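These are my notebook entries on one structure, written down in the order in which I looked things up. I put the sequence and the model here before the entries.

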Amino acid sequence: MEDIDLEEEDNLNIAVLSGKGGTGKTTISTNLALALGAKYIDCDVEEPNGFLFLKPNIVNTEEVMVEYPVIDEDKCTDCGVCVDVCQFNALASAGNGILLFEKLCHGCGACEIVCKYGALGYGKREVGRIEKGMGHGINCSRGILNIGEPMAVPVIRSILRNLDDGLNIIDCPPGTSCNVVTSLRYADGAILVTEPTKFGLHDLERAVELVDMFSIPFGVIINKDDGRENIVKSYCKDRQIEIIGTVPYSDSIALAYSKGEMLYATQDNRALFDHLAMGLGEVLEWT
Amino acid sequence: MKIAISATGQTVDSMLDKRFGRCQYFVIQDTETGEVETVENKGLTSEGGAGIAASQQLIDEGVEVIITGNLGPNAFELIEKSGIKAYKCHEMVIRDVLEKYGSGELLEIEESGPAHHGGH
Amino acid sequence: MDLVVLSGKGGTGKTTIAAALSELAKEVTRVDCDVDAANLHLYYEGKDIAREDFYGGKVAYIDGNICTRCGSCEHVCRFDAIEDFRVMPLACEGCGACTLICPQDAIELKPEKDGDVYTTQLDDGILSRAEMEIGSDGSGMLITLLRRIARKYSDDETLTVIDGSPGIGCPVIASITGSDAVLVVTEPTQSGLSDLERVVKLSRHFDIDPMVCINKYDINEDMGKEIEAFVEEEGLQLVGKIPFDDLVMESIHELKPIVYYEGSSAAKAIKDMWLTIKSLIF
């Protein structure tokens with residue numbers, strides 16, 4: 001994976017990751033985007049929850065299309081060579097014609113390469129959409145994978161290939177799966193969100209391993225922090241990983257979350273996220 | 001006529017496996033000769049589309065009847081299109097499954113299970 | 001007897017509850033199907049008694065000795081996975097288009113190790129679990145393997161507690177197929193409810209009426225009531241309402257299942273829930 005040369009880019013993309021779900025990744029992404037006046041990009045396309053908090057007016061919707069093979073039955077001899085080369089079992093031969101299972105198709109083109117009769121062409125179908133709008137005074141966009149579609153990568157790629165200039169906060173899918181890997185290909189820096197527990201640490205270690213592969217600057221935000229020394233802090237110290245800041249454990253934050261409220265709307269929490277925003281600038285060394 | 005049953009083991013004394021796409025073996029009986037052969041399910045080693053891989057394998061084996069627990073929509077579509085009949089059965093010893101099929105006690109699967117994600 | 005513990009979204013306390021329930025059963029097999037964040041083993045000091053490589057997908061390899069640098073592979077790849085005549089494994093989807101186009105036959109697909117599968121011996125049974133490589137996804141194939149290993153160590157009477165995968169994708173389906181009972185752990189939030197609805201739908205497709213438990217039900221009682229109404233409307237069993245309890249955080253810190261905390265209100269609720277579940281499933 002090549003490094004992205006900042007000199008050549010007009011935008012700065014910060015990916016917000018977490019090893020597991022439910023660590024507060026969306027809470028931190030949305031509120032931090034507000035504090036920074038940045039754009040908020042929700043790439044967690046299977047469960048894009050950021051708009052529940054930012055509540056933007058959606059002004060623009062684009063479809064995300066992927067290619068799939070279309071078989072010309074006049075030319076097809078039912079030889080089955082395309083079935084054999086398809087690594088995804090998207091094609092099958094029932095003995096009386098080739099069947100396509102479009103949701104399994106990755107649109108790779110292998111079947112078209114091997115078809116001797118020129119019977120394979122490509123059509124396009126929608127797998128998701130991208131919505132854009134303004135909420136709480138910032139530009140927000142999100143990718144949504146259509147229900148029943150198994151592959152999120154095309155939607156993620158589509159939203160990230162067309163990012164606007166400026167500072168983009170990218171709310172990534174949880175975990176270290178290929179969806180996250182795809183998101184990171186477009187990132188110039190990363191924030192790793194974790195909790196100060198053994199579970200949080202275990203998942204953080206994996207997230208660090210992932211970000212290291214991309215050689216981009218990153219820092220950690222500890223959510224639900226108890227203010228004490230803890231295993232995550234000592235891990236970061238040992239590994240010389242910068243801690244951008246912490247979000248304290250609090251009942252009022254949990255309640256605001258459950259109601260879908262923005263934390264940045266309240267005075268106390270505004271200071272908290274302004275502080276995190278400053279910490280982020282220092283850790284990622286942007287000017 | 002060949003009958004294939006999704007199975008956890010390799011003989012008629014093993015149990016029927018309710019999974020189709022990810023069962024370990026198919027026990028196949030030829031009703032004319034009474035011969036039984038066992039094949040490893042190709043779907044088991046497919047990262048995605050296991051039901052399709054398993055169905056394709058049985059189509060290629062020339063099977064005319066499939067007995068299993070549930071069929072996903074992809075496998076169902078392919079099996080239906082190929083003219084193979086599929087029957088539903090609970091977990092029991094394959095020998096008894098064949099007997100039940102012989103006496104016409106099994107119900108034909110006329111609709112697929114849930115339309116789930118095909119990938120992975 | 002396979003009991004699968006599910007939750008639509010992450011962070012609802014699924015693993016906490018799966019661990020607690022498995023402590024309450026006497027003889028038990030545990031399966032950690034939440035392979036993308038496999039945390040169940042952290043509760044235990046077990047001994048790994050078996051390990052095997054897990055191969056899921058494939059990745060293309062270019063033989064530099066044969067490659068003439070014609071560039072057709074880079075051109076044909078739809079995933080931008082080939083640069084400077086090298087394959088980037090994290091971007092390669094293993095489709096094989098490059099192997100078909102290469103005029104020199106210099107490229108082949110090789111199985112890619114996606115992770116390690118462990119069988120861990122605990123005091124009261126085994127734990128079947130996996131550790132995935134970065135960038136590898138939990139697949140139905142892997143979940144099926146983990147459950148198959150678990151079955152080797154269990155008879156029909158043994159309770160198998162499965163910490164299920166999050167979401168509603170293929171791994172979850174592989175967690176549910178062939179199971180006897182499903183417990184959905186949800187929380188009283190907007191996203192908790194919408195995810196619960198989806199998981200219930202999925203579970204019903206597999207002819208299983210899931211049991212539901214609301215974790216931290218008192219953090220937003222209005223939302224909690226909304227979820228209760230949904231459960232009742234669907235004719236499902238609400239088997240537990242677990243209060244928010246600071247000791248749960250402590251139990252996670254100390255890696256001791258919550259049922260061992262005397263005076264924990266959450267532990268009491270989980271114990272009551274276990275009695276209800278037992279009466280329903282056995």
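How many salt bridges does a search of the whole structure find over all chains? I took a salt bridge to be a side-chain nitrogen of Lys or Arg within 4 Å of a carboxyl oxygen of Asp or Glu, and the search over all chains gives 36.

Entry on conventions. The model is predicted, and I kept local features to pLDDT of at least 70 and side-chain atom pairs to pLDDT 80 or more, while totals for chains, interfaces and linings use all residues. Residues are numbered from 1 along each chain as its sequence is written, chains are lettered from A and ligands numbered from 1 in the order in which they are written, and side-chain values use heavy atoms, with hydrogens and water left out.

Entry on chain A. I recorded 10 helices and 11 strands for chain A, where helices (H or I, at least four residues) and strands (E, at least two) are DSSP runs numbered from the N terminus. The C-alpha trace of chain A spans about 70 × 40 × 40 Å along its principal axes. Of its 287 residues, 60% count as buried, a word I use for under 20% relative accessible area, with exposed for over 50% and partly exposed in between (1.4 Å probe, protein chains only). With contact meaning heavy atoms within 4.5 Å, I found that 72% of the contacts in chain A between residues at least 6 apart in sequence join residues at least 24 apart.

Entry on chains A and C. I counted 48 residues of chain A in contact with 48 residues of chain C. The two chains bury about 4,000 Å² between them, 59% of it on carbon and sulfur atoms; buried area here is the accessible area (1.4 Å probe) that two parts lose on being put together, summed over both. Four salt bridges are counted between chain A and chain C, and I noted one between the side chains of C:Arg78 and A:Glu112, at 3.8 Å from N to O. There are also 11 residue pairs in polar contact between these chains, both residues being at pLDDT 80 or more. A polar contact is a pair of N or O atoms within 3.5 Å, where within protein one must be able to donate a hydrogen and the other to accept it, and residues adjacent in sequence count only if both atoms are side-chain atoms.

Which helix gives the largest share of the side of chain A that touches chain C? Helix 7 of chain A does, with seven residues. That side divides into 20 nonpolar, 13 polar and 15 charged residues, with Ala, Val, Leu, Ile, Met, Phe, Trp, Tyr, Cys and Pro counted as nonpolar, Asp, Glu, Lys and Arg as charged, and the others, Gly among them, as polar.

Entry on chains A and B. Here 13 residues of chain A are in contact with 15 residues of chain B, and the area buried is about 1,300 Å², of which carbon and sulfur atoms give 62%. A:Asn89, A:Phe101 and A:Leu104 supply 36% of the area that chain A buries against chain B, more than any other three residues. I found zero salt bridges between chain A and chain B, but five residue pairs in polar contact, both at pLDDT 80 or more.

Entry on helix 8 of chain C. Its buried residues, in the run 246-254, are C:Val248, C:Ser251 and C:Ile252. Seen down the helix axis, these buried residues fall within an arc of 100 degrees, so they line one face of the helix; the arc is that of the directions from the helix axis to the C-beta atoms. What covers them includes helix 7 (198-212) of chain A together with helix 1 (14-24) and helix 9 (265-281) of chain C. At the start of helix 8 of chain C, a side-chain oxygen of C:Asp245 reaches to within 2.8 Å of the backbone nitrogen of C:Leu247.

Entry on salt bridges within chain C. The side chains of C:Asp34 and C:Lys14 meet in a salt bridge at 3.1 Å, N to O. C:Asp34 counts as buried at 9% relative accessibility, and C:Lys14 is buried with a relative accessible area of 6%. C:Asp116 forms a salt bridge with C:Lys113, the closest N and O atoms being 2.9 Å apart, and I found C:Arg51, C:Asp53, C:Lys113 and C:Asp116 linked in a network of salt bridges.
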